[in-house]
Amino acid sequence: MLARILGALALALIQATAALAQDYPNKLVILTIPFAAGGPTDTLGRILGQVLSNTLKQQVIIENVAGAGGTISYAKVAKSKPDGYTVLLAHIGMSTAPALYRKPAVNPLTDYEYIGQVADVPMTLIARKNLEADTFKEFMTYFRANNKKMTYGNAGLGAASHLCGLLFLSAVKVDVQTVSYKGTAPAMADLMGGHIDFMCDQTTNTTAQIKSGAVKVYAVTSRKGVPSLPGVPTLHDAGLKNFEVVVWHGLYVPKGTPKPAIDKLVSALQAAVKDPTFKTKLAELGAEPVSVAKATPEGLQKHLKAEIDKWAPIIKAAGVYAD
C-alpha cells in the first residue's frame with residue numbers, strides 16, 4: 001500500500017513538473033532591480049526586460065527594491081516563492097556583499113539558483129565640468145596637490161561607484177574625502193552641480209552626461225576603449241597600469257526554483273545576449289552582452305565564486321565594513 005502511495009505521489013510530481021514546463025510563464029514575471037529607478041542597473045534591466053518579454057511571450061515588469069547596497073533586494077528575492085516568477089538582476093555587488101557586511105543578508109553561493117551572466121559595463125572616471133584639469137595626467141597632478149579638500153562621490157556602500165573608488169584610491173595611494181549618496185542619481189546631480197569634485201560610474205549612467213558636456217571625462221576603466229566614447233583613453237593607457245574594473249551583471253532566482261522554469265529563463269537570456277537590438281542599445285551606452293557561454297548557470301556560478309575570492313582581500317585591506 002505504501003509503495004503504491006509513494007508511486008502515485010512521484011507520478012503526480014512528474015506530471016506537475018511537466019505541466020510547469022509547458023505552461024511557464026503564464027503570468028507576469030518580476031525582474032527585481034536592487035537599486036533606484038534611473039540608475040545604471042535599472043537602465044540595463046529595463047532594456048533586458050523588453051527583450052525577455054518578447055522571448056518568453058509574457059510581460060516582464062521591473063520592480064526597484066533599493067537600499068543597503070542592494071542587499072535588501074538580495075534577501076527579498078532569496079525569500080520569494082521559488083516558482084520562476086521572481087528574478088533578480090544583480091551586479092558585481094553580489095560578490096562583494098559577503099565581505100562588506102558583517103552579517104550578510106544572503107549567501108550568494110547557496111541561496112539562489114543561477115540563470116547566467118548578462119552584460120559587462122565599463123566605468124568612467126569623471127569630474128565636475130569646471131575642474132582645472134583636462135587630461136588624466138593633469139587630473140592626477142591636481143588631485144595630489146589638492147586631495148585634502150577634494151570630494152569623491154559614490155552611490156553608497158556596495159555600489160559599483162563605491163567599489164571603483166576603493167580600487168582607484170588604493171591604486172594611486174592617495175586619500176580623499178568620500179561622500180556617499182542614496183543612489184547614483186543624487187550623486188550625479190551633485191557632480192553636475194559642482195558640489196563634489198569627481199566620481200567613477202558606469203557608462204550606462206555617464207555616457208549621456210559626457211557627450212552633452214555636463215561632466216568631464218578622463219578615462220574608462222576597461223582594458224580596451226569604449227566605441228561609444230571615442231578618444232577617451234583607458235586608465236591603463238593613461239598611466240594607471242593594470243587598472244581594470246568592469247561591472248558584470250547576473251540573473252538569479254530563489255533556491256528551489258523548478259528546473260523547467262530555470263531552463264526557459266536560461267533560453268530567454270541566451271536569446272537576449274544574441275539579439276541585435278539588445279546589442280545595439282547596450283553599445284550606445286558603452287556596454288556589451290556577454291557571450292552565450294557565459295549566459296549559463298555554470299558560467300555565472302564560476303564567475304561569482306572567482307569574484308568573491310578576488311574582492312574579499314581588497315575589502316579587508318581597505319577596512320570598509322557595514323553592520
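1. Helix 12 gives the lining of the largest pocket its largest share, four residues. A quick caveat: this is a predicted model, so local features need pLDDT of at least 70 and side-chain atom pairs count only at pLDDT 80 or more, while totals for chains, interfaces and linings use all residues. Residues are numbered from 1 along each chain as its sequence is written, and side-chain values use heavy atoms, with hydrogens and water left out.

2. That pocket holds about 500 Å³ of space. A pocket here is an open set of points on a 1 Å grid over the protein atoms alone, where a 1.4 Å probe fits, with protein on both sides within 12 Å along at least five of seven lines; lining residues have an atom within 4 Å of a point. The volume is the space filled by probe spheres set on the points.

3. The largest pocket has 24 lining residues, with Asp120, Pro122, Ser222, Val246 and Glu288 nearest its centre. Two or more residues each come from strand 4 (112-128), strand 9 (246-254), helix 11 (276-284) and helix 12 (297-318). Helices (H or I, at least four residues) and strands (E, at least two) are DSSP runs, numbered from the N terminus.

4. By class, this lining has 10 nonpolar, five polar and nine charged residues. Ala, Val, Leu, Ile, Met, Phe, Trp, Tyr, Cys and Pro count as nonpolar, Asp, Glu, Lys and Arg as charged, and the others, Gly among them, as polar.

5. Now the second largest pocket, with about 360 Å³ of space. Its lining counts 27 residues, and Phe35, Ala155, Lys182, Gly183 and Thr184 sit closest to its centre. The lining of this second largest pocket splits into 14 nonpolar, 11 polar and two charged residues.
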